[in-house]
Each structure stands twice: as structure tokens, then as C-alpha cells.
Amino acid sequence: MHDLHGKGRLTKLIHAGNPIDPATGAVSVPIYQSSTFAFKNADHGAASFRGDPEGGYIYTRLGNPTIMALEESVATLEGGCGAMACATGMAAVNLVYYAILSQNDHIVCTESLYGPSRTVLETEYPRFGIAATFVDSTDPAHVEAAMRAETKLVYLETPANPTLKLADLRTICEIAHRHGALVCVDNTFASPYLQNPLELGADLVLHSMTKFINGHTDVVAGMVVAKDEDLYRRVLKVHKNLGGTMDPHQAWLVLRGIKSLGLRMEKAQENCLKLAHFLEAHPKITWVRYPFLESHPQHDLAREQMRGGGAVMSFGVVGGLDGGKKLMDNLEICTLAVSLGGIETLIEHPASMTHAGIPQHEREAAEITDDLVRIAVGCEDYADIEADLARVLDTI
Ligand SMILES: *Cc1c(COP(=O)(O)O)cnc(C)c1O
């Protein structure tokens, strides 16, 4: 393994978790598509189960070389001490809830969370006596006010989906820790290339790797990264038994995608910032929300805790939902589809699609208004994306 300490982000993306295969010299980590691994003898099997250094792999749900290469890659990028690959982003979200929360515990969350991350806390976890409070985490005082003696976890999304609101990670981590709670950040929107929550005080960070990390709209996958060894062991124990683990082929596809994360993100966020300026000046657009626009209410915070604004933004079209529908139905380069972080530009309407499961009054309280259109800008030529939007906006 290369020593990547002090190396740049592009170097880490390409080399972390990607050793040259000692058996064959393969430069790309091989796909170890095997459910089980033979022991050399009974003592070796026993050592493997004890987790001794001379032990080996046992069974793919418990560990697999291809999956571990991806775990090492993301752990290195996030500056964590261990990572756990999950079948989907939601498997990662539920792994964190399940590993950290017990009966009668309480969780405080960003109100405009990824839809299912919120829905599951409202519909499933109350059966186990777990309560949740959703707050506007743009103001750390709202988090502080929601903390109770039984609060064990503060769960944040920044930038949040789809409002692009930010949470001040340093300040909120300090508040949570003072109240004896852990902090987990869903870092899907920024990706480890632009933001590292563990460095700002978080205890856990998770990703839907379906989005920017894989980046090619062909895999669903998730990852949880823990700050320290104790927390890693605690979550890992649950992960192996809960079973939302990854498949080696899936891990290999994500390993292939992650190597170009930096290049993709640089191009996509350059396109996104240009498009944000274009839309902000357009007469058919009522508002634009993007962290690196000066008009973003938390622009200073964005510059402080993020290395770039990312490639997702939201905006309003004149004529509200009808204007937005006309736009989405007539675009040619931009594809009408949920998801984000892929190489291609995707556009969607959260109130009727990704966030339709949240009751309207709660949606509106979280500022997921009916006129909000979300666009995840891809890596096409900028001029083609702008022309696509300009052509349709002129007809509205
Ligand atoms: C997509 C997404 C998830 C869920 O990930 P899946 O891979 O679809 O299960 C969680 N959080 C955020 C912010 C997401 O965008």
C-alpha cells in the first residue's frame, strides 16, 4: 500500500484502497466473487474467527477483499478510521439509526432530509419507542432547543436535499457533544471530494454512493464511515448481523467510479455555477438556491466548510408547478429522472416525486415548495445544457 498521508485528493481517489494485486500484479483490484473462503487448516479457521492478524477472510457478508478495498478508499477520503459498505444508501442510513438508537431514545434531524431517511423515522422507528424531532438546522439554536436528556443522535444533511440549506457542522457538533449525543452527517450531496464532516467534529458520516461517488447512474450503494475504532467496532457488529452488506461486483463498479470523482465533480460544479448565474438572471426564474451563489443565505458558511458548491441546485419557475411541469416535459439534454450525482444532467420535481411521501404542511414548513425544481448538473458541454433550458424557458 502506498503511504497516502499528506497526498492530494485526486491522488487519494485513484490510489486509496487500490493496491497492486500481490498475486498477479493486476492494477485494477480483482473482483473476488466468492461467498466463502477456504481455511488453510483448523487453526487458521479458528484464528480467522477470533480476528487474529494471522487469520484470513471467512465469508463475504463478514468481509471480502474487493469490498474492503472500497471501504479503505472511502475511509481514507473521509479521514475516518473504518468504513462499512452497504447494499444501498438507505441500508447505510438504517444501519446508523439501528446501531445507535435504543428504546426510548430520541434523535434530532435536519427537517428537509432525503425523503425516506425522514419517512422511516416517522413510520417505522416509533414502533420501537424511538422519537424524532425535525428542525431547521440552518440555525444551530434550533438544534440546541430540541436536545433532550434521551437524545443520542443528531443526524444532519448539509447541503440538504432539495433545499440546499446548510448546517454549521462545527457549531452543531459542539452542541451535540455537550449534550452527550453523537453526530452523523449524510455527506451525499457534497461527496468526500468537497466536504469532510469528521474533520469538522462529526462522529459518523454516510453516503449514498449511488450518487456522486459511483457517478455513472448504474449502481445503488451506500457507505458508513466511523471516526474512531470504538464506534467502528460498535456499528460493524450490527452491520454484519443486520446483513445490508455489499456484493463484490457492486463494490468493484463503485471502485471504478470513485477514481474519477474529482474530475467529474470539478466539471459538474463548474457547469452548475455557470447555470446558477444564468438562471438567476433569467426573467422566467423566480429564485435560485446554490451554496456558492452570493445570494445563498449561508454563502459564507458554504465557503468555510465546503471546497466547492457541488453540482445540485434548486430553483423556482414562473407559473409554479405548471411552469415547472412544462419545463421538465420539454427538455432534451436534461433527463427527467430522480437521483443525482451522475455524469448526465437530471431534473425532477420533489413535491410530486422524491418528497411526495412527506405530508404537505411538513413539506412546506421545510420549504420544499410546489414550485421547487431540482437539477443535478452533469458533465455535458455547458453550452448544450444552457441552450436546452433557455429554449424551453422562452416558451413559458
Ligand atoms: C439517494 C440518497 C439516499 C439514499 O440512497 P439509496 O442509494 O437510494 O438507497 C440517502 N441520502 C441522500 C442525500 C440521497 O441523495
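A polar contact is a pair of N or O atoms within 3.5 Å; within protein, one must be able to donate a hydrogen and the other to accept it, and residues adjacent in sequence count only if both atoms are side-chain atoms. The model is a predicted one, in which local features need pLDDT of at least 70 and side-chain atom pairs count only at pLDDT 80 or more, while totals for chains, interfaces and linings use all residues. Residues are numbered from 1 along each chain as its sequence is written, and side-chain values use heavy atoms, with hydrogens and water left out.

| Residue | Atom of the residue | Distance to a ligand oxygen |
|---|---|---|
| Lys211 | polar side-chain atom | 2.7 Å |
| Ser208 | side-chain N or O atom | 2.9 Å |
| Gly89 | backbone N or O atom | 2.9 Å |

Taken alone, the ligand exposes 380 Å², of which the protein buries 92% (Shrake-Rupley method, 1.4 Å probe). Among the residues that surround the ligand (a heavy atom within 4 Å) are also Tyr114, Glu157, Asp186 and Thr188. By class, this shell has three nonpolar, five polar and three charged residues, with Gly counted as polar.

How many disulfides does the structure hold? There are zero disulfides, a disulfide being a pair of cysteine sulfur atoms within 2.5 Å. Cys86 counts as buried at 0% relative accessibility, and Cys334 counts as buried at 3% (buried means under 20% relative accessible area, with a 1.4 Å probe and protein chains only).

Conventions. Buried means under 20% relative accessible area, exposed over 50%, partly exposed in between (1.4 Å probe, protein chains only).
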